[in-house]
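Could you read this note alongside the model and check each point against the coordinates? I have kept to what can be located directly in the structure.

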Amino acid sequence: MKGEGKMKFKSRLKWVGLVGLILSAFSLFVHIFLARFTEDGVSEYQSSVTIFSWRPIFESADFSRTSPLYRRLWGPVRRLESLHPDASPRGYYADPSLRTNGYIFVRIQGGFHEIRNSISDVVVVSRLLNATLVIPEIQSTTSSKGISSQFKSFAYLYNEDQFMAALAKDINIVKTLPKNLKGARKKKKIPLFRVSYSTSPYFYLHHVLPVLNKHSVVELVVSDGGCLQAILPPDLEEYQRLRCRVAFHALRFRQEVQELAAKILRRLRAPGRPFIAFDPGMTRDALAYHGCAELFQDVHTELIQHKRSWMIKRRIVRGKLSVDSMRLRVNGSCPLMPEEVGILLRVYGYSWDTIIYVSGGEVFGGQRTLIPLHAMFENVVDRTSLSTVWEVNKIYGREANLIDPKAPPSTEEEVKQESWKTAGPRPRPLPPPPARPKSYNIEGWWGWVAESDNEPESTVMELRTNAHKLLWEAIDYMICVEADVFIPGFDRDGKGHPNFASFVMGHRLYQSASSKTYRPDRREVEKLLEETRDHLYQANHTWLTSIRKHLRRSLLEGLTEASTKSKPLSFLLHPVPECSCLRYDPTEASLNASSPTHMQVQAALGAVHHCPAWMDGKIISRSKDKESEEDLDEDDSSSSGLFFRHSGSNHENGGGEINKEEAQLEDQDEEGGEK
């Protein structure tokens with residue numbers, strides 16, 4: 001009896017232990033689940049232990065937002081404060097007809113900025129032809145690249161419902177073709193047009209429209225980042241405002257992308273400091289197209305030259321393989337290196353603890369290229385520093401399995417292997433050599449440079465990574481548009497067209513024109529840097545003043561250049577005056593009507609439409625301090641301090657140094673105003 005009692009007791013203990021173990025495992029699973037999927041839980045938790053790789057470092061907790069220095073570095077561009085977005089129709093604008101000429105099905109190929117520009121163009125083309133637009137198909141997001149099956153084409157990047165609702169009064173939009181036309185497309189029985197970059201609207205009216213009327217459907221293939229010329233005739237000005245409504249209002253990213261971008265923005269602003277967004281624009285394609293190989297060393301130069309050779313063979317580049325990169329750099333044809341941008345910002349007055357967000361997809365050369373920028377600024381971050389793995393996986397969705405099919409061995413190889421195995425005593429034939437493994441690296445590709453004229457075929461993982469770049473660039477785009485300050489390193493892509501940074505600057509000009517957006521003239525910057533390259537850290541006062549004047553002038557002079565050089569390439573780069581209006585301020589108008597800067601702004605913006613009366617009535621009256629304050633974006637001749645000092649009270653002597661007395665004089669000069 002005692003033995004049976006002990007056995008029962010032990011059995012109960014085992015069951016209790018097993019239940020306890022199950023409960024513990026379940027509790028652990030619940031905690032992990034909550035940590036991974038709670039929206040504002042772990043990701044927003046502030047503690048001494050951070051789940052991100054970035055922890056901001058600041059010289060002091062005090063950060064005055066009322067000082068003249070703060071207004072000069074971070075404040076709005078006073079001359080542009082009266083400019084506001086206005087993309088509404090200004091004349092008679094009929095609703096889309098229920099009876100259209102047919103359907104337009106569009107396939108768009110290219111990168112993030114090319115897709116964005118192309119969508120705006122195809123909407124305008126649909127309105128021009130009175131056609132029903134089928135939601136465009138984005139070629140970079142096909143299921144063959146391992147993208148989650150829950151996201152299809154357009155919906156992988158943008159919100160379809162928002163797109164259709166925002167343009168309901170402009171064009172008719174459907175998600176798919178009718179069944180009969182869908183079957184005809186699969187059989188390749190519908191007419192197809194491969195439209196080139198900057199096509200005239202008359203091409204569509206005289207060539208595409210007759211075919212559309214005959215077949216009730218046409219397919220357009222857009223591969224160059226745009227299918228309609230940027231500058232339209234005056235009688236088509238309403239179509240320019242339609243472009244603005246598409247790009248700046250209808251194209252909203254899908255919810256998961258917007259949520260992650262909002263989280264990253266909150267984390268950037270959590271320290272209570274403003275931040276700079278910097279887009280290097282240093283892609284391999286852009287460097288190869290513009291002939292900037294010699295800015296790098298060793299294998300990076302070879303990689304760029306290999307890509308340039310590929311472009312020359314396909315007639316993308318019309319030039320020689322070997323070019324003088326140093327001459328092109330001095331002429332402003334190559335990107336500003338991150339080190340050069342860091343020097344500009346330090347000279348202008350931004351301190352070593354300024355937060356700098358590095359945006360864009362590929363920074364050619366990797367993190368090694370950014371080392372000098374990290375040396376000048378402690379808080380240099382990017383999207384990977386401010387997001388977690390589970391947040392990234394959430395926007396990717398449930399990805400398809402990555403199976404890289406391997407080709408079966410050829411019959412000849414099988415015969416060789418078998419003959420070697422069944423051969424008699426020595427001498428036996430040597431076994432066939434093993435297959436040569438791929439030795440290249442995804443980031444560098446150095447293994448094949450000296451071995452083959454052709455780049456290796458992309459693996460499924462590489463294709464998926466490239467496709468996901470659209471999501472990361474969408475997040476970078478939102479952050480750059482909302483940044484307190486934006487500065488580009490380059491403004492052209494691998495086809496000579498406007499790049500990611502150009503479209504960011506256009507969006508900022510539309511949404512908040514007075515936000516600081518530096519548009520440095522690369523030719524002038526390189527000339528100034530060349531003057532003191534050998535004595536950079538003992539730079540004299542005159543050189544420092546020249547750099548500061550140039551950056552300050554670029555806030556307005558860059559607009560003039562954009563209106564003459566960039567706008568003819570894409571309307572979205574400079575959507576004024578068509579998509580903007582001016583609030584009328586009689587006080588400012590009387591003070592500035594005859595000033596040279598006011599004339600310069602007018603020349604850059606053109607004849608801007610006056611805002612409606614209800615907008616003029618909401619002008620916020622400026623304080624007396626602000627009225628008496630000098631326009632801090634105008635010329636001043638103060639120096640900016642050392643590049644690499646980490647403390648205002650402890651630094652070495654040098655040509656860029658300014659003491660406290662000079663700093664006080666600088667502030668007095670800025671507050672004094674123009675006499």
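The points below go from the whole chain to its sheets, its salt bridges and its surface.

1. Basis of the note. This is a predicted model, in which local features need pLDDT of at least 70 and side-chain atom pairs count only at pLDDT 80 or more, whereas totals for chains, interfaces and linings use all residues. Residues are numbered from 1 along each chain as its sequence is written, and side-chain values use heavy atoms, with hydrogens and water left out.

2. The chain as a whole. The protein chain has 26 helices and 14 strands, where helices (H or I, at least four residues) and strands (E, at least two) are DSSP runs numbered from the N terminus. Of the 675 residues in the protein chain, 48% are buried; here buried means under 20% relative accessible area, exposed means over 50%, and partly exposed lies in between (1.4 Å probe, protein chains only). The chain exposes about 35,000 Å², and carbon and sulfur atoms supply 54% of that area; accessible areas come from the Shrake-Rupley method with a 1.4 Å probe, and for residues only the protein chains shown count as cover. Taking contacts between residues at least 6 apart in sequence, 81% join residues at least 24 apart, contact being defined as heavy atoms within 4.5 Å.

3. The five-strand sheet. Five strands form an open sheet in the order E10-E9-E8-E11-E12, with parallel pairing, and two strands are taken to pair if DSSP finds at least two bridges between them. E10 and strand E12 (516–517) stand at the edges with a single partner strand each, so one side of each has no neighbour in the sheet. Strand E8 (residues 275–279) is joined to E9 by four bridges, and Ile276 has Ile356 as its bridge partner in E9. On E9's pairing with strand E10 (residues 379–381), three bridges join the two, and Tyr357 has Val381 as its bridge partner in E10.

4. Strand E9 and the helix across it. Which way do the side chains of strand E9 (residues 355–358) point, and are they buried or exposed? Ile355 and Tyr357 point one way while Ile356 and Val358 point the other way, and all are buried. Helix H14 (residues 367–376) lies across E8, E9 and E10, running at about 165° to E9; axes are lines fitted to C-alpha atoms, for helices over the stretch in contact, and angles run from 0 to 180 degrees between N-to-C directions.

5. The three-strand sheet. A further open sheet has three strands in the order E1-E13-E14, with mixed pairing. Its edge strands are E1 (83–85) and E14 (609–610), each of which pairs on one side only. E1 and strand E13 (residues 580–582) pair in the antiparallel sense over three bridges, with Pro85 standing opposite Ser580 in E13.

6. Side chains of opposite charge can pair when their charged atoms come close. The structure holds 28 salt bridges, each being a side-chain nitrogen of Lys or Arg within 4 Å of a carboxyl oxygen of Asp or Glu. In one of them, Asp121 pairs with Arg243, the closest N and O atoms being 3.1 Å apart; Asp121 is in helix H3 (residues 112–128) and Arg243 in helix H8 (residues 237–250), 122 residues apart. Asp121 is buried at a relative accessible area of 1%, and Arg243 is buried at 2%. Another salt bridge joins Asp353 to Arg273 at 3.8 Å between the closest N and O atoms; Asp353 lies in the loop between helix H13 (338–348) and E9 and Arg273 in the loop between helix H9 (255–269) and E8, so the pair ties together parts that are 80 residues apart in sequence.

7. A salt-bridge network. Arg329, Glu340, Glu526 and Glu530 are linked in a network of salt bridges. Within it, the side chains of Glu530 and Arg329 meet at 3.5 Å, N to O. Glu530 is partly exposed, with a relative accessible area of 41%, whereas Arg329 counts as buried at 11%.

8. The surface at helix H1. Trp15 is found in helix H1 (residues 2–37) and is exposed, with a relative accessible area of 56%. Trp15, Leu18, Leu21 and Ile22 form a nonpolar patch on the surface, with about 460 Å² of accessible area together. Patches are made of residues with over 30% relative accessible area and no salt bridge, like charges being joined within 9 Å and nonpolar side chains (Val, Leu, Ile, Met, Phe, Trp, Tyr) within 5 Å.
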